[in-house]
Amino acid sequence: MTPRVSIIMGSTSDLPMMKKAADLLEEMQVPFEIQALSAHRTPQEVEKFATECEDRGVQVIIAAAGMAAHLCGVIASMTPLPVIGVPISASLQGLDALLAIVQMPPGIPVATVGIDASLNAALLAVQILSVGDPELRARFKAYKRNLKNKIVEANKQLSELKYLHKTN
């Protein structure tokens, strides 16, 4: 099975945060890989990954990093593939990572989701992939319908709560 999405994180300590991305890709039946690579500690490996991932069949990269968060931009500078950055709240509540990822120079875009928002990164990856994949698009649409149904059901349950001064 060839990975279509690569989840890259600066450290295995980011894995608990990135689990939501992996779980969503699994649910959507999207083949993926997970690796730990550091822009600062393993720069040669990052370069090898970034320059070879397209030839290996990867179509979207989700890169997670905290603090200085250079991993996302370094990868984006070396590949034509879309890179989705996930700022990790390792310090400063993740604001340092968010700013490092979102403030890319012209010509090196990184799509950036919210701090610790790996689920949204995976959803964006699925949306990108589904442009040319009708079966994946159908699974994504079903996922979105299910989100709506959960809120409709939750609102119904709220309407059944009984309080003396509740007006709805």
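Helices (H or I, at least four residues) and strands (E, at least two residues) are taken as DSSP runs and numbered from the N terminus. The structure is a predicted model, in which local features need pLDDT of at least 70 and side-chain atom pairs count only at pLDDT 80 or more, whereas totals for chains, interfaces and linings use all residues. Residues are numbered from 1 along each chain as its sequence is written, and side-chain values use heavy atoms, with hydrogens and water left out.

The sheet was examined with strands taken as paired if DSSP finds at least two bridges between them. In general, strands of a sheet pair through backbone hydrogen bonds, either parallel or antiparallel. The model contains an open sheet of five strands in the order S2-S1-S3-S4-S5, with parallel pairing. Its edges are formed by S2 and strand S5 (111-112), each of which pairs on one side only. S1 and S2 run parallel and are joined by five bridges; Met9, for instance, has Ala36 in S2 as its bridge partner. Strand S4 (residues 83-88) and S5 also run parallel, with two bridges between them, and Ile84 has Ala111 in S5 as its bridge partner.

Burial was assigned from relative accessible area (buried under 20%, exposed over 50%, partly exposed in between; 1.4 Å probe, protein chains only). Strand S1 (residues 5-9) is largely enclosed by the rest of the structure, because five of its five residues are buried. Val5, Ile7 and Met9 point one way from S1, while Ser6 and Ile8 point the other way, and all are buried.

Side chains of opposite charge can pair when their charged atoms come close. With a salt bridge defined as a side-chain nitrogen of Lys or Arg within 4 Å of a carboxyl oxygen of Asp or Glu, the count comes to four. One of these joins Lys19 to Asp23, with an N to O distance of 2.7 Å. Both residues belong to helix H1 (residues 15-27) and are four residues apart, about one turn of the helix. Lys19 is partly exposed at a relative accessible area of 47%, and Asp23 is likewise partly exposed at 39%.

Another salt bridge is formed by the side chains of Glu33 and Arg56, at 2.6 Å from N to O. Glu33 lies in strand S2 (residues 32-36) and Arg56 in the loop between helix H2 (43-52) and strand S3 (60-66), so the pair ties together parts that are 23 residues apart in sequence. Glu33 is buried, with a relative accessible area of 15%, whereas Arg56 counts as partly exposed at 34%.

The structure holds zero disulfides. Cys53 is in no disulfide, and the nearest cysteine sulfur, that of Cys72, is 13 Å away, a separation too far for a bond. Both cysteines are buried: the relative accessible area is 0% for Cys53 and 0% for Cys72.

Surface patches were built from residues with over 30% relative accessible area and no salt bridge, joining like charges within 9 Å and nonpolar side chains (Val, Leu, Ile, Met, Phe, Trp, Tyr) within 5 Å. Accessible areas come from the Shrake-Rupley method with a 1.4 Å probe, and for residues only the protein chains shown count as cover. Leu158, Leu161 and Tyr163 make a nonpolar surface patch of about 330 Å². Of this group, Leu158 is found in helix H6 (residues 134-159) and is partly exposed, with a relative accessible area of 49%.

UniProt positions are given in the numbering used here, with feature names shortened, and the annotations may be inferred rather than shown by experiment. An unreviewed UniProt entry places the feature "domain: PurE" at residues 3-151. That span is 47% helix and 17% strand in the model, and its end C-alpha atoms lie 33 Å apart. The UniProt annotation "coiled-coil region", from an unreviewed entry, covers residues 137-164. For residues 137-164, the model shows 82% helix and 0% strand, with end C-alpha atoms 46 Å apart.

Notes. A disulfide is a pair of cysteine sulfur atoms within 2.5 Å.
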